[in-house]
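The questions below concern aromatic rings and the charges placed over them. Each answer ends on the value or name asked for.

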Amino acid sequence: MIGSKIIHLESVDSTNNYVANLIKGNSLVNGTVILTDEQIEGRGQRGSVWSSLSGVNLLMSVYFEPANLSVEHQFYLSKFVAITLMDYLKSKGLNADIKWPNDIYVKGKKIAGVLIENQLSGTNIKSAIIGVGLNVNQIDFGDINATSLKLELSEFNSIDEVLFGLIQNFNKNVGILEDFELIDSIYHSNLLGLNTKRLFVINGKQVCGIIKSVSQEGKLNVLIKENLNSFDLKEIKFVF
């Protein structure tokens, strides 16, 4: 069960790194959650940086051992995590969307991000480190296009209450990892920009396109001038 053990740190380079080091020592049980007040070197997708003020946001990693999830289906774990975050925010009354691949946006602003690092065994995923950053009580993001629970709900939120609410959603939803069709349906029905014209930046140029789907491998399929194009992360950027 996710959350059966919770380790709270005051500060760490990154919770994902901390979990990775514990894995080397074989000192983790499935579902262990690492929570920190501050990440000195928080990371996002493909080397980007996750920036957060100390003590005001939820910064956590989950050590998770998925049952019989093959490498070729590993993006379904990413979809599952995004769906779980979205569900939690909707339970708080927020109209949350999934921005490909697994960021969560509210009113066009980022409120949560995910970084998943998988450990493989043959053709299966042996374990995964699921890093989650959720903006809770931060109100100043400078020029970053972001928001938080406090900004959206106009109230202070306990980090512990948010943590346990999210853990509850993880455990409630974990069964859908056995139903890829259901995951695809939920993911696509809540995908930001699906079947609508919007601007992207591709190779340094603004392009108008329509998101049609996300492939099993996690690539974004965008219709541009009647041609369907597939993009990996960092090959295409949303314009807000």
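Q: Is phenylalanine 75 buried or exposed?
A: The model is predicted, so local features need pLDDT of at least 70 and side-chain atom pairs count only at pLDDT 80 or more, while totals for chains, interfaces and linings use all residues. Residues are numbered from 1 along each chain as its sequence is written, and side-chain values use heavy atoms, without hydrogens and water. Buried means under 20% relative accessible area, exposed over 50%, and partly exposed in between (1.4 Å probe, protein chains only). Phenylalanine 75 has 11% relative accessibility, so the term is buried.

Q: How many aromatic pairs are there?
A: Rings of Phe, Tyr and Trp (its six-membered ring) pair if their centres lie within 6.5 Å; planes under 30 degrees apart count as stacked, over 60 as edge-to-face and the rest as tilted. By this rule the number of aromatic pairs is six.

Q: What is the angle between the planes of phenylalanine 75 and tyrosine 187?
A: The centres of phenylalanine 75 and tyrosine 187 are 6.3 Å apart. The pair is edge-to-face, with a plane angle of 80°.

Q: Is the pair of phenylalanine 238 and phenylalanine 240 stacked or edge-to-face?
A: The ring centres of phenylalanine 238 and phenylalanine 240 are 6.1 Å apart. Their planes lie at 15°, so the pair is stacked.

Q: Which lysine lies over the face of phenylalanine 238?
A: A charge sits over a ring if NZ of Lys or CZ of Arg is within 6 Å of the ring centre and within 35 degrees of the ring normal. At 4.6 Å from the ring centre of phenylalanine 238 lies lysine 99.
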